[in-house]
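Dear colleague,

I am passing on the structure below, together with notes on what I found when going through it. Please read them with the coordinates open beside you.

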Amino acid sequence: MSEQTRAIDLTRLEAGAINPSSGGRIPNSFRPAPVRLLQLGARDQAGEGDWREYEQPLPEVLIALAQKLPGAFYDVGANSGFYAILLGRLGLARQIVCVEAMPPIAQVCRRNLALNWVGASVAEVALSDSAGTATLYVPSDHHRVLETSCSLDEEFKPEGSEPLEVPTLTLDALHAQRGHEPVGLVKIDVEGAEHLVLAGAGELIRRERP
């Protein structure tokens with residue numbers, strides 16, 4: 001992994017500012033500070049531009065929901081940590097759990113969390129409908145970007161994918177390991193295997209209604 005990194009400012013939020021999409025306000029306790037992602041020699045495309053241009057409208061929707069739904073934030077398929085850092089910098093989640101199965105990406109996530117002084121745990125595991133091991137299909141790194149579109153679904157990107165055995169866990173089991181803490185939000189982005197995550201999350205959904 002290249003050690004030539006460049007931090008990209010992704011947020012410029014002011015305390016008390018109106019969120020135009022939700023009508024909500026950024027908490028007044030927040031002190032303006034940028035969310036920064038390491039580009040890793042321009043390989044991480046998530047670290048480009050302003051946060052308001054990244055996967056809209058999800059960032060603003062997530063902020064609006066987090067203001068109304070207290071509890072932990074489970075970021076399943078956390079990638080390099082953008083959403084965990086966004087809510088962490090705004091102080092909108094009591095606990096943040098990043099779940100990322102691909103070891104190099106999980107390491108980038110840890111580095112980004114540390115860069116932003118966000119206290120979050122990183123579970124290096126693939127969430128599925130059962131515990132054990134499974135094959136994660138990783139697109140070949142032929143275009144020199146940090147490849148984050150890995151999936152348990154072999155057909156997600158069938159051309160040029162390389163298999164990698166990874167440990168699996170259910171979301172219910174992860175929640176139990178953490179003492180059944182209150183959960184307000186769960187974001188799931190696992191490239192076509194979302195149904196497997198939900199199949200292993202029935203108890204959490206019934207208990208917490210996130």
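Helices (H or I, at least four residues) and strands (E, at least two) are DSSP runs, numbered from the N terminus.

Please keep in mind that this is a predicted model, in which local features need pLDDT of at least 70 and side-chain atom pairs count only at pLDDT 80 or more, while totals for chains, interfaces and linings use all residues. Residues are numbered from 1 along each chain as its sequence is written, and side-chain values use heavy atoms, with hydrogens and water left out.

As to the chain as a whole, it has six helices and nine strands, and 48% of its 210 residues count as buried. Among contacts between residues at least 6 apart in sequence, 71% join residues at least 24 apart.

To return to the helices, the axes of α1 (residues 58-68) and α2 (residues 82-90) come within 11 Å and cross at roughly 45°, the axes being lines fitted to C-alpha atoms, for helices over the stretch in contact, and the angles running from 0 to 180 degrees between N-to-C directions. That angle makes α1 oblique to α2, since angles under 35 degrees count as roughly parallel, over 145 as roughly antiparallel, 65 to 115 as roughly perpendicular and the rest as oblique. On the α1 side the contact is made by Leu58, Pro59, Leu62, Ile63 and Ala66, and on the α2 side by Phe82, Tyr83, Leu86, Leu87 and Leu90. By class, this contact of α1 with α2 has ten nonpolar residues, no polar and no charged ones, where Ala, Val, Leu, Ile, Met, Phe, Trp, Tyr, Cys and Pro count as nonpolar, Asp, Glu, Lys and Arg as charged, and the others, Gly among them, as polar.

Helix α2 is itself mostly covered, with seven of its nine residues buried, namely Phe82, Tyr83, Ala84, Ile85, Leu86, Leu87 and Leu90. The cover of these residues includes β2 (36-38), α1, β3, β4, α3 and β9. After α2 comes Gly91, whose phi is positive, near 65°.

In helix α3 (residues 103-115) lies Asn112, which counts as buried at 0% relative accessibility. Not counting residues up to four places away in sequence, Asn112 touches Arg36, Leu37, Leu38, Ser80 and Ile85.

Turning to the strands, β3 (residues 72-76) and β4 run parallel and are joined by four bridges, and the partner of Tyr74 in β4 is Val97; two strands pair if DSSP finds at least two bridges between them. From β4 (residues 96-99), Ile96 and Cys98 point one way and Val97 and Val99 the other way, and all are buried.

There is also an open sheet of three strands, in the order β6-β8-β7 and with mixed pairing. Strands β6 (126-127) and β7 (132-139) stand at its edges, each with a single partner strand, so one side of each is left without a neighbour in the sheet. Strand β6 runs parallel to β8 (residues 161-169), with two bridges between them, and the bridge partner of Ala126 in β8 is Thr168. Leu164 also lies in β8 and, at 31% relative accessibility, counts as partly exposed. Leaving aside neighbours within four places in sequence, Leu164 is in contact with Met102, Pro103, Ala134, Thr135, Leu136 and Val138.

Finally, two residues deserve a look at the backbone. Most residues other than glycine have a negative phi, yet phi of His180 is near 55°, a positive value in a residue other than glycine. His180 lies in the loop between α4 (171-177) and β9 and, at 29% relative accessibility, counts as partly exposed. Phi of Arg209 is likewise positive, near 50°; Arg209 is placed in the segment after α6 (202-208) and is exposed, with a relative accessible area of 65%.

With best regards

Methods
Contact means heavy atoms within 4.5 Å. Buried means under 20% relative accessible area, exposed over 50%, partly exposed in between (1.4 Å probe, protein chains only).
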